[in-house]
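Thank you for letting me take a few minutes of the meeting. I would like to walk through one structure with you, so please have a look at it before I go on.

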Amino acid sequence: MTLMLPCSLSAHPALLPPPPSLRAPLPPSSVPSASSAVWQSFSPRTEFQTKKFHYGSFPADFLWGVQSSAYQVEGGWDADGKGASVWDTFTQRNSSGIPEKATGNVACDSYNRLDQDLELIQASGVSAYSFSLSWARLFPRGDGDHNPAGVQYYNSLVDGLLRLKVVPVVSLHHWDLPQSLQDHGGWRNRSMVHLFTRYADFCYRTFGDRVKLWITINDPLSLAWRGYGTGEFPPGVKDPGVTPYHVAHTLLLAHAGAYHAYTPYRVSQGGSVSIALRGDWYEPLDLTVPRELEAADRGMQFTLGWFAHPIFRNGDYPEAMKEAVGNKSELQRLKETRLPVFSEQEMLQVRGSADVFCLIHQTTRIAKYSTQRLKPASYLYDRDLTEAELTDYPQTEVPGQRAVSWGLRRVLAWVRDEYGDPEVYVTENGVSTKRDEGDEDTERVFFIQTYINEALKAQSLDGVKLRGYLGAPLMDSFEWLQGYIVGQGLHQVDFTKPERPRTMKTSAHAYRTIVQNNGFPPGRDQTPIYGFFREDMMWSTATASYQIEGAWRADGKGLSIWDTFAHTPLRVSDDDTGDVACDSYHRYEEDVRMLKELGVGFYRFSIAWSRVLPDGTTAHVNEPGLQYYERLVDALLREGIKPQVTLYHWDLPQSLQDVGGWENVTVVQRFTEYADLMFSRLGDKVKFWITINEPYIISNVGHGYGAAAPGISFRPGTLPYIVGHHLLKSHAEAWHLYDQKYRPTQKGQISITLNSDWAEPRNPSKQEDHDAARRMVEFQLGWFAHPVFVGDYSPLMKTIIGNRSLAAGLPKSRLPEFTPEEIIRIRGTHDYFGFNHYTTKRAYPLEYGNLQHYDGDRSAGTLVDRAWLDSGSGWLKVTPFGFRRILNFIKENYGDPPVVVTENGVSQREFNMNDELRQHYYQEYTNQLLKGQPVDCLEQRLLQFGANSSSQRLHQSGQERVQLQEGEQYVVLDSGGGTIDITDHEVLEGEPSRAATKHQDTTRRRRVTQRYNQCLREFFCGGCGEATRESFQEAREPQEAIRRELWCSHETRRSSLCKSAFTYGYISCAECLSSVVSESYQSRIESYQSVSERSISVEQTAPCRGLDLGTRQPPDEALVLGTRQPHLTEALDLGTDSPSDRGSGYRTQTAPLTRLWT
């Protein structure tokens, strides 16, 4: 039969005849090996550098596959003349120790259900299927006459794969030795070399015209050690010090014999032969300690190097292994080493006996130097190390195996450096999960995504010649010593039914998507947009009184509930308090200097209620406390920084808590009186007010979970809703007070700040998960946003809580009701939408039965995607895409209000000045914010590209009159969202108001930019066009070139490092932020205001009437995509919205732009 492969597969380098003569032998590995440079390169990297997800694609000819093995899936253990294997014998003994006395007698019944397997393979979308041949099915006695029925079965499998255009990757031996050969000693018998070679020759002759990639032996390490050392595997030999070495020696010689047996077929069949080797990664306990590095090196050489070193280097065992075993043997008073010695002929036979490198990888462990015992002699003791798990990483259902994805990248780099940069295939890489997990195997999805992403990093960033990933198991099967209590497959198999029905798991869909995309190409969420924010963008930093002020008993300040909470044992990590914190009460002038250096135009801070009103009432006003805030406001204004003041940021006076706090309705009046005092004393200087910060945290985390002050958790089904009810009333009264009494003269703005995570469905293909995600957002954000921006609680919350309350036998809903008058009074109490956002979670339906609890009402569980970057807080994952999505949720559900983002940051546990995680966080989140202007079809239509300075020019384009700055490019979307025009100008000598313009390559630049922006809109705004990712990138490249031309043409620019960060819409550090904000917000405003004729008007459709760049004042209906507010400095971390998280104290850096040395 002549095999016709698809072009993409026939051109695959591993499927072409290799040139054996070109493989020069490598010298023996040193001790420690030169490849220890891999640790030097990777181990010092930060967690951010290690875990950052990489977007990109594998080469076009990358081989994607799934895998299985004969004994695990075939069944038919004695069907049609098959002989018994060692695994048949082992599992059918009562002493096997396998759970449920499971066997592979039937397994997945693949021997009788071949068509079903082929359907699964086709549905997976892969181009390869790796499977093993049952030696006992082909040769029942291991040698002699073959079994025609066995040959027919594998012919049918191979032919079926080829009909699907799937490449068969065939393993000759996956642990299931014919029992008849074991009866003669099995792999301890050196005659196995000849027998295996003959078996291989038969397989090449029979199937080789259609099989182009052969694996001789799968995982010889496990076979030698667990089968002949520990006795866990068949044949159950327990001789840890000698037999594993001799068995491994025989396996290496047998592999070499099988490799050379392919020589007569190589030219005609054009295939490749290799061996699949286990390569888990060992990380040194301490990279700076030489003996720890050597211990990790021995760990690698005693596992992967045991077999790879003879084959891929010099035909002999690693020097580290020879030295260690030899020394132990001599100390044991043996006459010779327990490690066998290769003859010169054997070395020549073994060396170079693989065309590609096939890697099995499961986990990563810590290697620690340890002087191990001499007796009994053991392979484990020879290594002189102990192993430890990386306990911060998820435990799988296999003891000792944790999902540490970055280990795959490092072991691939080791293979590159240690073994001559061979072509590599990952042939096994699966994770075990509980059998009762069903088809919703989210953990496996995370495993696949993170491990394959590390493989992508190795291929695209490290230059590893990775040619294929075949590691995903096709379906659940007999999992060796764990039987059927765990599953590893992409498809679930019901082993309780004779039909063995197969069901696609979520991971099968996820893997198919990766295969179809050939990796992780950047999508709309990952593709940045370049440009500027609107001119009236508010740039600020944010703090809160309890987190930074300190001086907890100074100058008459009263106690707050956070003072009490932090002084209660086991409430805050490390027993940290805010007694001193950043000491801003005494050092506010230093804070203001930092703000000035940053160049921000605003500063958001909160007032400590108990500092100005020690008992929470106006019966006694603490003048020193009030004067502190007056001095702070005056200092800010002197530096041109506008204060944005929060009246309440969680720190209720303890005196009010003693009489019920927010549960007592009288707190509404107390808060209104407190607000009245602050408006009267500060309102003539403060023009931006926030009544209450994050009422969700106050209500649910403080009064439901009890994880924040005041720490109440005994009425989680009622108290959070009561507290939330009173918070909304308090906000409304304070808003109306300001609106009626103070706004006419003070002319400020006031609103409430709400917080919410975004929620994504755990499984995007399940409607119930989408519904759970919606409930997550409605119960967090909508709880307070709906009454303020729409009126009354949302119908969803009212219906769910009401029905659950009645079902529990309660007379009425646990959610309080507003009167019609209260609904009217609360609705519309906002001048903008104050919003705090940090992260995203995945949601799924989770029933709590009759539990009367906020979580039961929400009936949604959450989890975090392991592909998302970690932070210093377990609940906070770096998920920029969620920021943009929740802003659009606000736009669509709450009347498209002006939005002021009042908090957005990330914590870090790695304390250093180069806070690269925070830099990345702000770059990505800010870019998502920037996308909201032109991409999401928001009201603002002016987008700027290019560099920025103070000189200006005029340009006419149709009916639109646009004023350009020196080297600046304005992209103006017309009222129909159609034509885009752009022109570059250079400034000639003379006054800016009189300078003429000189065009350079105007036509080319206009054409390029038009194409770029057309693709930009089409790519991001689905429905506006059909631009592909390729066309977007193609159009972007010349636009980038133009930007660089403009950038480099002006010698008066600032340093390219800082300025380029702004050009690309990124703020990378405090220094850059300072220069960026200073130029874009302050100096440009002064420049615009100094020349009256430079005002510009851009006509747009309603409701946005445009933006007057001459006065810098937004029109009434312009959208303010406002204040990105990082924290000014490190402060006390008060915790999260998670019931399991306490405040993190000072262990994390919650988004500071300035480092405090404490």
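Let me begin with Arg210, which is buried, its relative accessible area being 5%. Please keep in mind throughout that what we have here is a predicted model. The side chain of Arg210 meets that of Asp209 in a salt bridge, with 3.0 Å from N to O, and Asp209 counts as partly exposed, at 23% relative accessibility.

Arg743 forms one with Asp831, where the closest N and O atoms are 2.9 Å apart. This pair links distant parts of the chain, since Arg743 sits in helix α29 and Asp831 in the loop between α32 and β24, 88 residues apart. Arg743 is also buried, with a relative accessible area of 18%.

What, then, of Asp865 and Arg842: are they buried or exposed? Both are buried, and their side chains meet in a salt bridge at 3.1 Å, N to O. Here too distant parts of the chain are linked, with Asp865 in the loop between β26 and α34 and Arg842 in strand β25, 23 residues apart. Besides such pairs there is a network of salt bridges that links Asp219, Arg278, Asp280, Arg365, Arg383 and Glu387.

Turning to the nonpolar side, the largest core has 147 residues, and those with the most contacts inside it are Leu133, Trp187, Trp214, Leu304 and Tyr511. Helix α12, which runs over residues 243–261, gives the largest share of this core, namely 11 residues. Apart from this core lies another, of 124 residues, among them Leu632, Trp735, Leu737 and Ile752. If we look at Trp214 itself, and leave aside residues up to four places away in sequence, its contacts include Leu133, Val170, Leu172, Phe207 and Tyr262.

Arg444, Val445, Ile448, Gln449 and Ile452 in α19 meet Thr506, Ser507, Ala510, Tyr511 and Ile514 in α20. The two helices pack at an angle of about 25 degrees, with their axes 8 Å apart, which means that α19 is roughly parallel to α20. Their crossing is right-handed.

Key. Residues are numbered from 1 along each chain as its sequence is written. This is a predicted model: local features need pLDDT of at least 70, side-chain atom pairs count only at pLDDT 80 or more; totals for chains, interfaces and linings use all residues. Side-chain values use heavy atoms; hydrogens and water are left out. A nonpolar core is a set of buried Ala, Val, Leu, Ile, Met, Phe, Trp, Tyr and Cys residues joined through side-chain atoms within 4.5 Å. Buried means under 20% relative accessible area, exposed over 50%, partly exposed in between (1.4 Å probe, protein chains only). Helices (H or I, at least four residues) and strands (E, at least two) are DSSP runs, numbered from the N terminus. Contact means heavy atoms within 4.5 Å. A salt bridge is a side-chain nitrogen of Lys or Arg within 4 Å of a carboxyl oxygen of Asp or Glu. Axes are lines fitted to C-alpha atoms, for helices over the stretch in contact, and angles run from 0 to 180 degrees between N-to-C directions. Angles under 35 degrees count as roughly parallel, over 145 as roughly antiparallel, 65 to 115 as roughly perpendicular and the rest as oblique. A crossing is left-handed if the near helix is turned anticlockwise from the far one by less than a right angle, and right-handed if clockwise.
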